[in-house]
Amino acid sequence: MCGIVGIIGASAGAATTEAAREALLALTTLQHRGQDAAGILTLNNEGLHRVRNNGLVESVFNRENIESLKGAIALGHTRYATAGRGDITEVQPLILNYPFGIGMVHNGNIVNAEVLAQELKTQHRRQLLTHSDTEVLLNIFAQKLSSFQTDHLSFEQLCEAVQDLQKRAIGSYSIAAVIGDHGLLAFRDPHGIRPLVWGKRDGAHMVASESVAVEFNGYEVVRNLEPGELLYVDLEGKVHTKVLEKRTPRPCMFEWIYFASPESTIDNVPVYGSRIGLGKSLAQVIQKRMKEQGLEADVVVPVPETARIAAIALSEELGVPYRELLIKNRYIKRTFILDTQDKRQKAVNLKLSPVKSEIKGKRVILVDDSIVRGTTSKKIIDLVRKAGATQVYFVSTCPPIRSSCYYGIDFPNPHELIANDRSEKEIEQELGADAVIYQSIEGLRQALIEAGKQSPQFQPCMACLDGHYPTDIGDAKKMQAARVKDRAIVEGQAR
Ligand code: SF4
């Protein structure tokens, strides 16, 4: 998962850095979507200008390098690495000099990237320089544009190029791109798995992963881009839109559960309202279970940060007091986003401190947004027990995550998922909790439908919960099997 932004028309002239500064602000509001790297690219009549590096937004940009980002068109990216090797050459925005000079930022994951990369090599003699799936998309797009043999691309030609990409690339992608001498483009995959919102302010336009980035910069949200839709704003400020390849909308449920900022609205479903709904529906499951098993609780405690909103609603619904008794050290990164087990373990050791005076002797309902590998949950349960809790019930606003995500969330190997092949009883034992209680899949769906006043047919992607993937995942499964085999060989050699 990443955060992207595209801006056109924010500057009064090509020599100003206003677009870059707005992109910087937008990336700051999207920092929670990726902490590995960040980059901004601008375009003016002198060409493309880019600053990118590994690290947080605030560490990548400074007064001096922002000054180099001149132009009225900008792209920004904050990276959460799920594909590629994570070195600097893969940090977005990526650029290609031919044709016209193209810059691209991408949020999502391309399932058949390796197959497409091979096609680019054998059929078009294009040598890719990274292991990034974004570079694959960029080259496919550039290949099609160059086939038009023209000095000026029409909207119809841009549609043709995007449609060609949509037909060939399988997976999730929300993309913003700039083309020299042309303007800004943005488009989504045909299922709209990853979000993309469009905002407007006077003559300027912004697209971004979340509405928080748009509104923070003083733009008004126009609407979300439709699944499969292309938006093109040319250098004269003329807006062109067309839905090119639309299938059943399947936005990722994990945006509302965990990823998105609470003040954002994703695909017309407010994140805050959905988390309130998640808390209420989970409370019903808990009530039933407590009745069946004669469980009682004294206090509802959220695992900071994401679970707070749901925990408030849950406490109101259960009539059990809400207390924030796990204090977070705000200077440590979100553990789930870190890329190795070792880093996660170290971070969790340092991240939370329990308020012992309030926990001692209490029966505690611990509320978290989800249980992925269980690493964090186990540690927190232990922390609360050591602080003197007599009972610990661990409840999750997300139903059990049992399958891989091939669309950009970092739980690729099913064997690393605690719920993959365990019953709830076994999960309780593994985590050391007195009870583990999950949201139901229908409860999750209803919470989203009610928060966004969606039609009863609303079917977000829940493939990691129910195994119903919106796209073909054959290539991704083959890749995963090859990686597991490679890893086994390496481990075998090491022994
Ligand atoms: Fe989101 Fe799960 Fe679908 Fe991945 S598989 S896009 S995490 S709902």
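Glutamate 305 lies in the loop between strand 16 and helix 10 (308–318), and in this predicted model a cis peptide bond with an omega of about 0° joins proline 304 to glutamate 305. Another cis peptide bond, with an omega of about 5°, joins glutamine 92 and proline 93, and proline 93 is placed in the loop between strand 4 and strand 5. Proline 302, for its part, belongs to strand 16; because its relative accessibility is 3%, proline 302 counts as buried. The C-alpha atoms of proline 302 and methionine 462 are separated by 24 Å, and the two residues are 160 residues apart along the chain.

The place of lysine 453 is in the loop between helix 15 and helix 16, and because its relative accessibility is 75%, lysine 453 counts as exposed.

Strand 16 also takes part in a sheet. Four strands, in the order 16-19-20-21, form an open sheet with parallel pairing. Strand 16 (299–302) and strand 21 (435–438) are the edge strands of this sheet, each of them pairing on one side only. On average, and with direction ignored, neighbouring strands of the sheet are turned by 25° against each other. Four bridges connect strand 16 with strand 19 (residues 363–368) in the parallel sense, and valine 299 has valine 364, in strand 19, as its bridge partner.

An open sheet of seven strands, by contrast, shows antiparallel pairing, and its strands follow the order 3-2-4-1-10-9-11. Strand 3 (47–54) and strand 11 (220–224) each have a single partner strand and stand at the edges, so one side of each is left without a neighbour in the sheet. From one strand to the next, the twist averages 15°. Within this sheet, strand 1 (residues 3–8) and strand 4 run antiparallel and are joined by six bridges, with glycine 6 standing opposite leucine 75 in strand 4. Strand 2 (residues 37–44) and strand 3 also run antiparallel, and eight bridges join them; isoleucine 40 has valine 51, in strand 3, as its bridge partner.

Turning to side-chain packing, the largest nonpolar core comprises 40 residues, of which Met253, Phe254, Ile401 and Phe411 touch the most other members. At least two residues of this core are supplied by each of helix 8, helix 9 (271–293), helix 15 (441–452) and helix 16. Because domain 1 (3–250) and domain 2 (269–469) both contribute residues to the core, it lies between them. Another core, of 34 residues, lies apart from this one and has Leu96, Ala113, Leu128 and Tyr173 among its members.

Aromatic contacts were also examined. A pair of aromatic rings is described by the distance of the centres and the angle of the planes. The structure holds nine aromatic pairs. One of them is formed by tyrosine 80 and phenylalanine 259, which are tilted, at 5.7 Å centre to centre and with 45° between the planes. This pair links distant parts of the chain, since tyrosine 80 is in the loop between strand 4 (73–79) and strand 5 (94–96), whereas phenylalanine 259 is in helix 8 (residues 254–259), 179 residues apart. Both tyrosine 80 and phenylalanine 259 are buried. Tyrosine 406 and tyrosine 469 form a tilted aromatic pair as well, with 5.4 Å from centre to centre and 50° between the planes. Here too distant parts of the chain are linked: tyrosine 406 lies in the loop between strand 20 (391–396) and helix 14 (424–431), and tyrosine 469 in the loop between helix 16 (463–466) and helix 17 (474–494), 63 residues apart. Because its relative accessibility is 7%, tyrosine 406 counts as buried. Ring pairs also link Tyr80, Phe254, Tyr258 and Phe259 into a cluster. Finally, arginine 201 lies over the face of tyrosine 219, at 4.3 Å from the ring centre.

Technical notes:
Residues are numbered from 1 along each chain as its sequence is written. This is a predicted model: local features need pLDDT of at least 70, side-chain atom pairs count only at pLDDT 80 or more; totals for chains, interfaces and linings use all residues. Side-chain values use heavy atoms; hydrogens and water are left out. Rings of Phe, Tyr and Trp (its six-membered ring) pair if their centres lie within 6.5 Å; planes under 30 degrees apart count as stacked, over 60 as edge-to-face and the rest as tilted. Buried means under 20% relative accessible area, exposed over 50%, partly exposed in between (1.4 Å probe, protein chains only). A charge sits over a ring if NZ of Lys or CZ of Arg is within 6 Å of the ring centre and within 35 degrees of the ring normal. A nonpolar core is a set of buried Ala, Val, Leu, Ile, Met, Phe, Trp, Tyr and Cys residues joined through side-chain atoms within 4.5 Å. Domain bounds come from an automatic or database domain assignment. Two strands pair if DSSP finds at least two bridges between them. Axes are lines fitted to C-alpha atoms, for helices over the stretch in contact, and angles run from 0 to 180 degrees between N-to-C directions.
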